[in-house]
Amino acid sequence: MRFYRTRFTSEPIFSTRTSTLSPRRSGPTPEGVPVEITSPGSNVMTRLMYGGRISLMVGFVVVFLETFIGIVMGGISGYFGGWIDTAIMRFVDLFNCIPFYPVVIIIGTVMDKMEIPPQLRIFILMAVLGLMGWTGIARVVRGQILSLR
(Lines give C-alpha, C1' and ligand atoms only; values in the text may rest on other atoms or scores of the structure.)
Protein backbone atom coordinates (compact mmCIF):
# COMPACT_ATOMS: atom_id res chain seq x y z
CA MET A 1 0.00 0.00 0.00
CA ARG A 2 1.41 3.38 -0.98
CA PHE A 3 0.99 6.51 1.08
CA TYR A 4 0.61 9.85 -0.61
CA ARG A 5 1.94 12.94 1.11
CA THR A 6 -0.30 15.99 1.14
CA ARG A 7 0.38 19.47 2.42
CA PHE A 8 -2.02 20.66 5.12
CA THR A 9 -2.47 24.34 5.80
CA SER A 10 -3.33 26.17 8.99
CA GLU A 11 -6.26 28.08 7.57
CA PRO A 12 -9.48 28.62 9.52
CA ILE A 13 -12.32 26.13 9.27
CA PHE A 14 -14.64 28.49 7.40
CA SER A 15 -12.03 29.83 5.00
CA THR A 16 -12.97 31.23 1.61
CA ARG A 17 -9.49 30.51 0.20
CA THR A 18 -8.89 27.34 -1.70
CA SER A 19 -6.75 24.84 0.11
CA THR A 20 -3.75 22.99 -1.25
CA LEU A 21 -5.76 19.87 -0.50
CA SER A 22 -8.16 20.12 -3.42
CA PRO A 23 -11.29 17.96 -3.64
CA ARG A 24 -10.88 17.86 -7.45
CA ARG A 25 -8.07 16.16 -9.28
CA SER A 26 -7.62 14.77 -12.71
CA GLY A 27 -6.52 11.34 -13.77
CA PRO A 28 -7.30 7.82 -12.64
CA THR A 29 -7.18 6.67 -9.05
CA PRO A 30 -3.66 5.48 -8.19
CA GLU A 31 -3.34 1.84 -7.24
CA GLY A 32 -3.61 1.29 -3.49
CA VAL A 33 -5.60 4.43 -2.67
CA PRO A 34 -8.39 3.30 -0.30
CA VAL A 35 -10.98 5.91 -1.41
CA GLU A 36 -11.86 6.33 -5.05
CA ILE A 37 -12.34 9.32 -7.29
CA THR A 38 -15.91 9.71 -8.50
CA SER A 39 -16.88 10.22 -12.12
CA PRO A 40 -16.71 14.06 -12.22
CA GLY A 41 -13.23 13.89 -10.69
CA SER A 42 -14.11 14.57 -7.08
CA ASN A 43 -11.85 12.89 -4.54
CA VAL A 44 -14.09 11.24 -1.96
CA MET A 45 -11.40 11.10 0.74
CA THR A 46 -10.83 14.85 0.59
CA ARG A 47 -14.55 15.52 0.77
CA LEU A 48 -14.76 13.27 3.84
CA MET A 49 -11.92 15.19 5.48
CA TYR A 50 -13.57 18.57 4.82
CA GLY A 51 -16.86 17.34 6.29
CA GLY A 52 -15.14 15.64 9.19
CA ARG A 53 -13.39 18.74 10.45
CA ILE A 54 -16.69 20.60 10.84
CA SER A 55 -18.31 17.60 12.52
CA LEU A 56 -15.42 17.26 14.95
CA MET A 57 -15.48 20.98 15.73
CA VAL A 58 -19.21 20.83 16.51
CA GLY A 59 -18.72 17.79 18.73
CA PHE A 60 -15.80 19.23 20.68
CA VAL A 61 -17.43 22.63 21.24
CA VAL A 62 -20.74 21.10 22.38
CA VAL A 63 -19.02 18.68 24.76
CA PHE A 64 -16.85 21.51 26.15
CA LEU A 65 -19.92 23.71 26.78
CA GLU A 66 -21.89 20.89 28.39
CA THR A 67 -18.98 19.88 30.60
CA PHE A 68 -18.13 23.43 31.67
CA ILE A 69 -21.71 24.40 32.54
CA GLY A 70 -22.40 21.04 34.19
CA ILE A 71 -19.28 21.11 36.37
CA VAL A 72 -19.87 24.70 37.48
CA MET A 73 -23.58 24.27 38.28
CA GLY A 74 -23.17 20.83 39.87
CA GLY A 75 -20.13 21.97 41.84
CA ILE A 76 -21.91 25.02 43.25
CA SER A 77 -24.96 22.95 44.07
CA GLY A 78 -23.08 20.17 45.81
CA TYR A 79 -20.61 22.39 47.64
CA PHE A 80 -23.03 24.89 49.18
CA GLY A 81 -26.04 22.61 49.69
CA GLY A 82 -29.19 23.85 51.41
CA TRP A 83 -31.46 26.24 49.56
CA ILE A 84 -28.82 26.83 46.85
CA ASP A 85 -28.75 23.11 46.09
CA THR A 86 -32.53 22.98 45.98
CA ALA A 87 -32.80 26.01 43.68
CA ILE A 88 -30.15 24.78 41.24
CA MET A 89 -31.61 21.26 41.13
CA ARG A 90 -35.08 22.67 40.42
CA PHE A 91 -33.50 24.70 37.60
CA VAL A 92 -31.95 21.45 36.31
CA ASP A 93 -35.38 19.78 36.51
CA LEU A 94 -36.82 22.68 34.53
CA PHE A 95 -34.23 22.14 31.78
CA ASN A 96 -34.95 18.39 31.79
CA CYS A 97 -38.64 19.13 31.11
CA ILE A 98 -37.87 20.99 27.88
CA PRO A 99 -38.21 18.60 24.92
CA PHE A 100 -34.88 18.50 23.09
CA TYR A 101 -35.76 17.61 19.49
CA PRO A 102 -38.72 19.98 19.07
CA VAL A 103 -36.59 22.87 20.38
CA VAL A 104 -33.80 22.08 17.90
CA ILE A 105 -36.30 21.78 15.02
CA ILE A 106 -38.00 25.05 15.95
CA ILE A 107 -34.69 26.91 16.23
CA GLY A 108 -33.58 25.48 12.89
CA THR A 109 -36.81 26.63 11.26
CA VAL A 110 -36.53 30.11 12.77
CA MET A 111 -32.94 30.41 11.56
CA ASP A 112 -34.06 29.30 8.09
CA LYS A 113 -36.84 31.91 7.96
CA MET A 114 -34.48 34.64 9.20
CA GLU A 115 -31.97 33.64 6.50
CA ILE A 116 -29.05 33.39 8.89
CA PRO A 117 -25.81 32.54 7.04
CA PRO A 118 -24.53 28.96 7.47
CA GLN A 119 -21.35 30.02 9.27
CA LEU A 120 -23.36 31.74 12.00
CA ARG A 121 -26.03 29.04 11.99
CA ILE A 122 -23.56 26.33 12.96
CA PHE A 123 -22.33 28.35 15.96
CA ILE A 124 -25.90 29.02 17.11
CA LEU A 125 -26.64 25.32 16.79
CA MET A 126 -23.56 24.47 18.86
CA ALA A 127 -24.67 26.91 21.59
CA VAL A 128 -28.19 25.44 21.66
CA LEU A 129 -26.89 21.87 21.82
CA GLY A 130 -24.47 22.82 24.61
CA LEU A 131 -27.13 24.64 26.62
CA MET A 132 -29.63 21.79 26.34
CA GLY A 133 -27.35 18.95 27.46
CA TRP A 134 -25.55 20.04 30.62
CA THR A 135 -28.08 18.75 33.15
CA GLY A 136 -26.82 15.17 33.36
CA ILE A 137 -23.26 16.29 34.07
CA ALA A 138 -24.50 18.70 36.75
CA ARG A 139 -26.35 15.91 38.53
CA VAL A 140 -23.33 13.60 38.45
CA VAL A 141 -20.95 16.30 39.73
CA ARG A 142 -23.41 17.27 42.49
CA GLY A 143 -23.73 13.63 43.57
CA GLN A 144 -19.97 13.12 43.66
CA ILE A 145 -19.39 16.27 45.72
CA LEU A 146 -22.18 15.31 48.14
CA SER A 147 -20.65 11.85 48.56
CA LEU A 148 -17.28 13.42 49.43
CA ARG A 149 -18.73 15.77 52.07
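## D85 and its neighbours

Leaving aside residues up to four places away in sequence, D85 touches S77 and R142; a contact means heavy atoms within 4.5 Å. The model is predicted: local features need pLDDT of at least 70, side-chain atom pairs count only at pLDDT 80 or more, and totals for chains, interfaces and linings use all residues. Residues are numbered from 1 along each chain as its sequence is written, and side-chain values use heavy atoms, with hydrogens and water left out.

D85 sits in helix α2 (residues 82–97). D85 is buried, at a relative accessible area of 10%; buried means under 20% (1.4 Å probe, protein chains only). Its side chain makes a polar contact with the side chain of R142, at 2.6 Å. Such a contact is a pair of N or O atoms within 3.5 Å, where one must be able to donate a hydrogen and the other to accept it.

## Where α1 meets α5

R142 also belongs to a helix pair. The axes of α1 (residues 44–80) and α5 (residues 135–148) come within 7 Å and cross at roughly 35 degrees. Axes are lines fitted to C-alpha atoms over the stretch in contact, with angles from 0 to 180 degrees between N-to-C directions. Residues making the contact include S77 of α1 and R142 of α5.

## The whole chain

The protein chain has 5 helices and 0 strands. Helices are DSSP runs (H or I) of at least four residues; strands (E) need at least two. Of the 149 residues, 25% are buried. Among contacts between residues at least 6 apart in sequence, 67% join residues at least 24 apart.

Terms used. Buried < 20%, exposed > 50% of the residue type's maximum accessible area, 1.4 Å probe, protein only.
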